[in-house]
Amino acid sequence: MTLESKNVMITGATRGLGHAMAIAAANAGAKVFAIGRTSDALKHLENEHRGIRGLRLDVSQNDAAMIALREMQPDVLILNAGATPRMGSIQSQDWKSFSTNWELDVKHTFHFGQAALLSPLAPGSRVVTIASGAAIGGSFVSGGYAGAKRMQWFLSEYMQRESDDLGLDLTFQTILPKQQFRETAIGDAASKGYAMRLGITQAAFLQRFTNALSPEGFADHVMTVLIDPDFRNAKTLAISGSGIEVMDGS
């Protein structure tokens, strides 16, 4: 597959991994539809690359997915938007802070995935959910974050089953970044939180990630997943400094 002239829609596209993926997709020749909540950040992104068009939208709104899909029918829909969790022990959390990622990350995965099935997207389209390695082993200092990321993973599997049952020929995939990125708001907050809990510096904690990727390096791997036919049928993939790992059956 090539991304040349393909429509790629990315949520949470104005910062961190979303920003890096938007630039990488545009560089690969795609027509990128970048979704974010800040007009200035979207305008900056549009100015960075002529292949990017921005839409200011709060993806936690119940009708956000249908609004977005009216603007563009994507060949590739990347669900990347996510909230930065409050770091702290369980006893320091209240339900509002604990459920932060359920109210954004999970909610928008549910609504956009549902819209992909109901609209439906064209046969052959792909919906890629960016979850987290925390979905595998948990994240004890970030409230409900790990559980939310696991639910996104489950949702992708559920929606694939619905697509198969309906004969829609859609591919739902989950990508798990298996490292923390100091350059992103979530990665910075998480690495600081874990370092504090373990009594070490943030730099010492981040040294645990061998050959750590930058957001741009992560984005390059995501483009490989989208382009390389060997990854077309993989349902769950992990990305780290070690490369791309297919986790189907794990």
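## Two helices side by side

Helices H5 and H7 run roughly parallel to each other (a label for angles under 35 degrees), because they pack at an angle of about 10°. Their axes, lines fitted to C-alpha atoms over the stretch in contact, with angles running from 0 to 180 degrees between N-to-C directions, are 9 Å apart. H5 spans residues 100-118 and H7 residues 145-166; helices here are DSSP runs (H or I) of at least four residues, numbered from the N terminus.

On the H5 side, the contact (heavy atoms within 4.5 Å) includes Trp102, Val106, Phe110 and Leu117. H7 contributes, among them, Tyr145, Met151, Leu155 and Met159. The contact residues divide into nine nonpolar, seven polar and three charged.

This is a predicted model, in which local features need pLDDT of at least 70 and side-chain atom pairs 80 or more, while totals for chains, interfaces and linings use all residues. Residues are numbered from 1 along each chain, and side-chain values use heavy atoms, without hydrogens or water.

## Rings along H7

Let's turn to the aromatic residues. Phenylalanine 154 and tyrosine 158 both lie in H7, four residues apart, about one turn of the helix. Their rings pair (centres within 6.5 Å) and are stacked (planes under 30 degrees apart), at 6.0 Å centre to centre and 5° between the planes.

Phenylalanine 154 has a relative accessible area of 30% and tyrosine 158 one of 44%. Each is therefore partly exposed, meaning between 20% and 50% with a 1.4 Å probe and protein chains only.

## A charge over a ring

The charged end of arginine 150 sits over the ring of tryptophan 153, 4.2 Å from its centre.

Terms used. Parallel < 35°, antiparallel > 145°, perpendicular 65-115°, else oblique. Nonpolar A, V, L, I, M, F, W, Y, C, P; charged D, E, K, R; others polar. Phe/Tyr/Trp six-rings, centres within 6.5 Å; stacked < 30°, edge-to-face > 60°. Lys NZ or Arg CZ within 6 Å of the ring centre and 35° of its normal.
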